[in-house]
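Reader: I have a new structure to look at. Please show me how to read its features.

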Amino acid sequence: MKLISVVIATRNYAHYLQETIESVLYQTLQNWELIVVDDGSTDPTPEVLKKYESNPRIRTVRTTGIGQAGAKNLGASLAQGDWIAFLDGDDLWEPEKLRLQAELIDVNPHAAVVYTGRAGIDGAGNPIEITHHVMHRGKVTDALFVQNFICFSSSMVRKDVWQKTGGFDPHLALGIDYELWLRLSIEHSFDYVDVPLVRYRTGHANLSRRVGERVKIALGTMRKYERFVGPSARRAGYSSTYRTRGWYYRDKKLVQSLADYLHATWYDGRLLQTFKSLLGIVAHRLQVK
C-alpha cells in the first residue's frame, strides 16, 4: 500500500487529542504519516503533542488562528503520501480503518474520495445513537445535494485530485467539507466501506448552537452547485435544508421559521407536512412560555 498521510487540524481539544492520536498509532495498516496542525490552542494541546516528538512518523505544526480551512489546507500541503486521510481532533478510528480503505482503493483505484460508516459517542466516549445516513458511491452529486452523508473523519482523498482542486475554501467558516465534496463530485467518483470505522464524538461542542449559520452557509454552497444536479435532487435538497432551519428557529425567530417552512413548501409542495409543522411550532412556543 502506498503511503497515507493523516491530517489532524485541532484547536483546544487537548482533552481528546491523545486518544485520537493513539487511534492512528493502533492502525493495523502501518504505512502512514501523521501531520498535526495546532491552530493556536490555549489549552494543554502543546503538552499533549510534546509526548510524540520522538516519533519520526508524526510531525506537528503550530499556527495562530488561521481557521479550520487554513489549518487543514496547511496540513494537507505537507502531506507526502498518495492519499490524504482527515481526522478531527476529538474523533477516533477503529484499528482496521485504514487497512479496509486501502483494500477498497486496490479494488477501485479510480475513486477520488473513499469514506466509511460511523458510530456515535458522547463527550465521555460512551456509545450513543446517531442518525445513520444512506451511503452512495460512483457519481454522487445529486445525492450530496440532498444530504451530506460523508463523515469527515472517515474521508480519504487522492492527493493528486486534492492538489488540482485547491483544497478547502478558506472563505467559509463552516461547512468546508460539504463544499469540497460537492466540488469534487462533479468530475470524480466516490466509494465507501460500509462498516462503522469512525467513532464520531458529538454533543460536547457548540456546533449545535450554530445551526442557523451552518444552514445559511450550506444554502450558499447549494446555490453555487445547483446547476450540476437534476431537478428532483434540487427540490429535495432545498426542501430538506429549509425545513431544518425552520425547525431550528421555531423558538428563536418565529418569522424566519415560518418563512423557511413556506420556502420548503414551495420546493416540495408538502402542504400537509407544513401545516403539521406550524401547529407543532405553536404548541412548542406555548409550552416554552
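Reader: Is the crossing of H8 and H9 left-handed or right-handed?

Author: The model is predicted. In this model, H8 and H9 make a left-handed crossing.

Reader: How do I describe two packed helices?

Author: Use the angle between their axes and the distance between the axes. Take helix H8 (residues 211–225) and helix H9 (residues 231–248) here. Their axes come within 10 Å. They cross at roughly 165 degrees. An angle over 145 degrees counts as roughly antiparallel, so H8 is roughly antiparallel to H9.

Reader: Which residues in H8 meet residues in H9?

Author: From H8 come Val 211, Gly 212, Val 215, Lys 216, Leu 219, Met 222 and Arg 223. From H9 come Gly 237, Tyr 238, Thr 241, Tyr 242, Thr 244, Arg 245 and Tyr 248. By class, this contact holds seven nonpolar, four polar and three charged residues.

Reader: What is the angle between H7 and H8?

Author: Helix H7 (residues 176–185) packs on H8 at about 10 degrees. Their axes are 10 Å apart. An angle under 35 degrees counts as roughly parallel, so H7 is roughly parallel to H8. In H7, the contact uses Tyr 178, Glu 179, Leu 182 and Arg 183. In H8, their partners are Ala 218, Thr 221, Met 222, Lys 224 and Tyr 225. The contact of H7 with H8 divides into five nonpolar, one polar and three charged residues.

Reader: How far apart are the axes of H9 and H10?

Author: The axes of H9 and helix H10 (residues 254–268) lie 8 Å apart. The packing angle is about 160 degrees. H9 and H10 are therefore roughly antiparallel. H9 passes H10 in a left-handed crossing. Residues of H9 in this contact include Arg 235, Tyr 238, Tyr 242 and Trp 247. Those of H10 include Gln 256, Asp 260, Tyr 261 and His 263. The contact of H9 with H10 has six nonpolar, six polar and five charged residues.

Reader: What shows where empty space is left?

Author: Roll a probe the size of a water molecule over the atoms. Now take the second largest pocket in this model. About 200 Å³ of space lies in it. Ten residues line this pocket. Closest to its centre are Lys 2, Asp 82, Trp 83, Ile 105 and Arg 158.

Reader: Which helices each supply at least two residues of that lining?

Author: Helix H4 (97–107) and helix H6 (159–165) do.

Reader: How do the residues of the lining of the second largest pocket divide?

Author: Four are nonpolar, six are charged and no residue is polar.

How values were computed: Residues are numbered from 1 along each chain as its sequence is written. This is a predicted model: local features need pLDDT of at least 70, side-chain atom pairs count only at pLDDT 80 or more; totals for chains, interfaces and linings use all residues. Side-chain values use heavy atoms; hydrogens and water are left out. Axes are lines fitted to C-alpha atoms, for helices over the stretch in contact, and angles run from 0 to 180 degrees between N-to-C directions. Helices (H or I, at least four residues) and strands (E, at least two) are DSSP runs, numbered from the N terminus. Angles under 35 degrees count as roughly parallel, over 145 as roughly antiparallel, 65 to 115 as roughly perpendicular and the rest as oblique. A crossing is left-handed if the near helix is turned anticlockwise from the far one by less than a right angle, and right-handed if clockwise. Contact means heavy atoms within 4.5 Å. Ala, Val, Leu, Ile, Met, Phe, Trp, Tyr, Cys and Pro count as nonpolar, Asp, Glu, Lys and Arg as charged, and the others, Gly among them, as polar. On a 1 Å grid over the protein atoms alone, a cavity is a set of points where a 1.4 Å probe fits but cannot get out, and a pocket is an open set with protein on both sides within 12 Å along at least five of seven lines; lining residues have an atom within 4 Å of a point. Grid points are joined across faces, edges and corners, and a volume is the space filled by probe spheres set on the points.
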